[in-house]
Amino acid sequence: MIRRLLLFDVDGTLVHTGGVGAAIFDAALESVVGRRPAARIRMSGKTDPQIVAEYLRQMGLPGGSDLVGAVLDVAAQELAAAAVRGELAAGSSVCPGVETLLSVLAGDPRVVSTLVTGNIAPNALIKIGAYGLERWLDLPIGAYGSDAADRNLLVPIALGRLQAVRGVHLEPPDAWVIGDTPRDLECARAAGVRCLLVATGRYDLAALTSLGADALLFDLSDTDAVVSLLTGDLAECP
Ligand SMILES: [Mg+2]
């Protein structure tokens, strides 16, 4: 019986996509509005629609939903094309311990793991698909940047999908967000779920320490410790 929902962020938590993840927005903006942004914005923890809207504002363009949607469509095509050309695999990496951790968690019938990510769904699938991580994740119950531009709305969407798709009702304290930025912690707090932060993204341990997450780790490489943290309390109340 499922009693624990684990909500993994993608960029900086499961994988690094290097420059490819950022370059798709440059190319998509050039394709849709005819020019590239003068400077890259900080993307960590932001949803894809937020990133595009911020670029459009920076470029002095109206950030209406039609234009944002058009840029996101092309960005998804660009990422898919980069994956086909092998550029995604060449420029990206999987974070330490992720494959072992996800495979161990997938073997625990009390646990379901999925994504809560700012990536629109097709981009999330391509990024984790580069490493075959989708085999250990229940993607239909995940929540994505394509569901809401505001990351703080995503955890309740995932809890709702767990109920709607798998028929399992869990309360917020039964879930964890695992992420790499203050925005991951914020979306966990907004929903009343616990949060593990890892220092494998743009924020180092020192920068994350002061935030007061429920748990903080350098990375996900100590499988036993991470599994114990995320599921150890389940054994106490069978
Ligand atoms: Mg991240």
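Two strands are taken to pair if DSSP finds at least two bridges between them; helices (H or I, at least four residues) and strands (E, at least two) are themselves DSSP runs, numbered from the N terminus. This is a predicted model, in which local features need pLDDT of at least 70 and side-chain atom pairs count only at pLDDT 80 or more, while totals for chains, interfaces and linings use all residues. Residues are numbered from 1 along each chain as its sequence is written, and side-chain values use heavy atoms, with hydrogens and water left out.

Strand β5 is joined to strand β6 (residues 194-198) by four bridges, and the two run parallel. Within this pairing, Ile 178 stands opposite Leu 196 in β6. Strand β1 (residues 4-8) also pairs with β5 in the parallel sense, over four bridges; here Val 177 in β5 is the bridge partner of Leu 7.

In a regular strand the side chains alternate between the two faces of the sheet. Ala 175, Val 177 and Gly 179 point one way from β5, and Trp 176 and Ile 178 point the other way.

The chain as a whole holds ten helices and seven strands. Its radius of gyration, taken over C-alpha atoms, is 17 Å, close to the 18 Å that the globule rule (2.2 Å times the number of residues to the power 0.38) gives for 238 residues, so the chain is as compact as a globular protein of that length. Buried residues make up 49% of the 238 residues.

Terms used:
Buried < 20%, exposed > 50% of the residue type's maximum accessible area, 1.4 Å probe, protein only.
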